[in-house]
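Please look over the sequence and the coordinates below before reading on. The paragraphs that follow go from the fold of one chain to its contact with a partner.

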Amino acid sequence: MQIQVYRYHPEQDAKPRMQTYEVEEQPGMMLREALLAIKAQDESFAFRHSCGEGVCGSDAMNVNGSNKLACITAVADLKRPIQVRPLPGRPVIRDLVVDMSQFYEQYRNVQPYLIRKEPLPEQEIRQSPADRDKLDGLYECILCACCSTACPSFWWNPDKFHGPAALLQAWRFLADSRDQATDERLDALEGPYKLFRCHTIMNCVEVCPKGLNPTKAIGHIKDLMLEKSI
Amino acid sequence: MSIPHRKFDALIIGAGGAGLNAALRLASADLRVAVVSKVFPTRSHTVAAQGGVNAALANVLPDDWHWHMFDTVKGSDYLGDQDAIEYMCREAIPTVYELEHAGVPFSRLDDGKIYQRAFGGQSQNFGGEQAVRTCAAADRTGHAILHTLYQQNVRARTHFFDEFFAIDLIRDEEGVAIGALVLEIETGQPLVIEAKATLLATGGYGQVFRTTTNAFINTGDGMAMALRAGVPLMDMEFYQFHPTGVAGKGMLITEGARGEGGYLINCDGERFMERYAPRALDLASRDVVARSMVTEIREGRGCGPHKDHVMLKLDHLGAEVVHHRLPGITDICRVFLGIDPAEQPIPVFPTAHYAMGGIPTDRFARVVTPARHGPEEVVPGLYAAGECACVSVHGANRLGGNSLLDILVFGRAAGTDILDYVRENPNHRPMREADIAPAAGRLARWEREGDGESVAEVKAALRKLMEDHCGVFRDDAHMSAGVEKLKALRERVEHVRLRDHSKTFNTARIEALELDNLVDVGMATLMSALHRQESRGAHSRVDHPDRDDEQWMKHSLYSRDGDRMDYKPVRTKPLTVESFPPKARVY
């Protein structure tokens with residue numbers, strides 16, 4: 001099978017190009033394995049990857065126009081020729097490797113950690129199974145950036161709009177019955193950009209490889225803000 | 001070439017659970033701490049841990065840290081150090097509560113307490129009924145813990161060097177660890193990080209085997225750095241093959257699947273563990289289950305057209321239990337096998353999973369080496385924790401759920417001891433050019449140009465070699481041949497050349513540096529295995545089928561210099577309780 005891969009090496013190339021590789025297709029082959037086969041032919045080809053099972057979030061890339069994790073994308077399901085590009089909207093460091101720093105910065109901006117004000121109990125903080133269920137669909141995020149780099153609002157304002165991944169985490173802590181910083185969290189999200197640049201385009205939902213729904217989380221934050229303001 | 005220097009109080013190499021828990025302890029105490037990781041922290045392999053972390057919370061059934069200790073000592077096949085095991089099992093309880101307070105989204109019981117499930121090798125009352133000791137966040141416990149620890153480090157403003165690769169430790173004339181040479185992957189620029197104390201927390205080395213549950217990044221970097229710094233590796237022959245890796249592919253299916261009631265069947269549909277472990281059945285220790293599976297297959301009762309695997313059956317549990325308690329493995333089965341585990345059994349085979357051995361430390365996570373006078377001494381300023389270390393709490397076989405526990409307890413212990421060490425040694429020791437030279441030389445070696453084999457070819461040969469010669473069942477003939485082949489392969493590495501010498505995000509260079517590490521830890525494994533003439537825990541010798549406490553109840557030490565083997569006694573004396581003397585190990 002043929003795979004066309006985006007190549008750009010800042011030390012050698014004036015501009016990026018697509019390079020075509022021939023890879024022998026194996027039954028059940030995932031795109032990551034196909035890219036490793038390319039890497040074995042041409043060691044100068046660079047991409048991030050690690051766990052190979054969709055939990056580390058390293059190998060997000062744009063495949064045939066859609067953001068995916070290479071390790072859980074079966075090549076058999078992909079239209080030919082397969083075209084692989086870096087995640088859109090991020091500066092390219094080399095080949096499929098993009099600069100993720102703004103994405104991480106937005107994540108860190110939402111205070112993505114549990115805040116408790118009361119003294120801690122000697123044992124666990126109790127949480128009912130129903131309250132714990134509210135975290136399902138939120139805590140599983142692997143920070144692969146498929147969502148935020150598919151979001152037009154994030155493309156235009158990556159420095160001001162938190163983006164779907166970070167906002168999903170903002171809601172993950174607002175939704176946690178153990179967290180005691182709801183007001184501060186909501187105050188910090190005020191303003192025209194951080195939260196409100198979401199125009200419910202829902203690209204994030206479509207591409208999330210873990211089946212999470214940032215748009216819904218953003219809606220919940222907006223609802224809570226409204227509720228608090230009345 | 002002049003290399004820039006940065007100075008920190010403490011340097012932590014590796015950002016998995018051990019590194020991040022140590023960093024959190026240090027940063028919360030306002031130390032200047034640098035965490036170097038070759039991947040963004042949440043991509044460290046702790047993220048893939050599924051089933052849970054053991055602590056005798058007694059949330060479901062009665063439990064006691066002392067019972068946990070007994071199970072761990074027995075599980076280790078009496079090779080674990082009982083002082084460290086007592087410490088770990090006691091500390092487990094406050095450690096899990098601390099994690100929960102930090103935000104880990106543990107699954108919950110109806111009363112709001114942390115959900116616990118049964119895991120292999122667990123018992124109540126020193127070998128009685130099955131215990132329920134493994135605290136879980138569905139089957140994504142490692143992910144939940146790693147992300148929480150990273151988040152707390154964001155709060156504590158830990159200084160991260162993301163996507164920096166550690167080349168080698170730097171030690172001064174007196175052997176004190178004074179930092180490391182690292183490489184910024186994005187720019188290809190080397191950097192010296194000077195530190196008063198250095199913690200190795202680089203995880204395991206499953207990539208040395210062809211089929212493994214481990215990630216691409218698990219290449220034994222810290223262990224090999226220790227070897228090159230003259231520190232021997234301990235108990236490297238004890239490598240755990242997890243019973244339930246997806247056959248032929250290697251993805252992990254958590255032991256929690258059996259903890260929730262799943263069991264293994266052969267081609268006759270027989271629940272064969274009834275014959276091997278009549279009481280514990282499928283929740284016998286991992287080494288026992290893995291051997292039973294391979295025996296079934298060798299005797300012709302494997303499943304599939306090639307009769308080369310067995311089946312893990314979950315379909316009797318119902319979709320609610322499978323999908324709610326095991327959502328992660330449901331995903332893995334759907335994506336990689338195209339099946340729903342609530343309806344069809346999963347083809348499984350024992351898969352290279354976890355290193356019980358590693359860098360020898362004491363229970364304060366201080367690296368210890370054999371000394372000329374007395375049994376051993378501490379390497380000043382050098383620490384190790386997590387899978388790269390050998391405390392030893394796992395001995396010859398690790399229990400499921402004790403790995404996350406190990407990284408958390410000893411990561412924290414390292415942080416605590418580093419605080420004291422830095423207080424007593426408040427100044428950076430001088431670093432001379434000559435101290436950096438060996439590390440710089442290792443980096444420069446890969447600048448050699450010309451024709452030669454590729455990294456990928458030699459790495460593939462190494463992984464095949466280790467699988468063929470150092471698997472679940474071992475004997476002298478296979479391992480001796482393996483050692484000879486590996487010595488030849490080590491020679492071949494000298495002739496490997498990079499074709500790409502560019503600077504920017506050159507992953508080929510990183511993989512070459514990792515290959516050096518894999519060869520070193522592979523040799524440590526094979527040599528240690530060849531020399532141990534008994535069967536104990538995960539080390540099963542067909543030619544020496546019995547455990548031999550008289551001769552072999554001792555830790556192996558492999559030194560890179562001359563491929564030497566040495567030994568040291570097991571610490572059988574716990575901190576406060578009576579010692580558990582070796583007994584026949586029956587499940």
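What percentage of the 587 residues of chain B count as buried? The share is 68%, where buried means under 20% relative accessible area with a 1.4 Å probe and protein chains only. This is a predicted model, in which local features need pLDDT of at least 70 and side-chain atom pairs count only at pLDDT 80 or more, while totals for chains, interfaces and linings use all residues. Residues are numbered from 1 along each chain as its sequence is written, chains are lettered from A in the order in which they are written, and side-chain values use heavy atoms, with hydrogens and water left out.

Chain B has 16 helices and 22 strands, both taken as DSSP runs (H or I, at least four residues, for helices; E, at least two, for strands). Its C-alpha atoms fill a box of roughly 65 × 50 × 50 Å along the principal axes. Because a compact globule of 587 residues would have a radius of gyration near 25 Å, the 23 Å of chain B agrees with that expectation; the radius is taken over C-alpha atoms, and the globule rule is 2.2 Å times the number of residues to the power 0.38.

Among contacts (heavy atoms within 4.5 Å) in chain B between residues at least 6 apart in sequence, 74% join residues at least 24 apart.

Turning to the partner, the contact takes 57 residues from chain B and 60 residues from chain A. Of the area that chain B buries against chain A, B:R43, B:H101 and B:Q151 supply 15%, more than any other three residues; buried area here is the accessible area (1.4 Å probe) that two parts lose on being put together, summed over both. The two chains, B and A, bury about 4700 Å² between them, with 53% of it on carbon and sulfur atoms.

Notes. Buried < 20%, exposed > 50% of the residue type's maximum accessible area, 1.4 Å probe, protein only.
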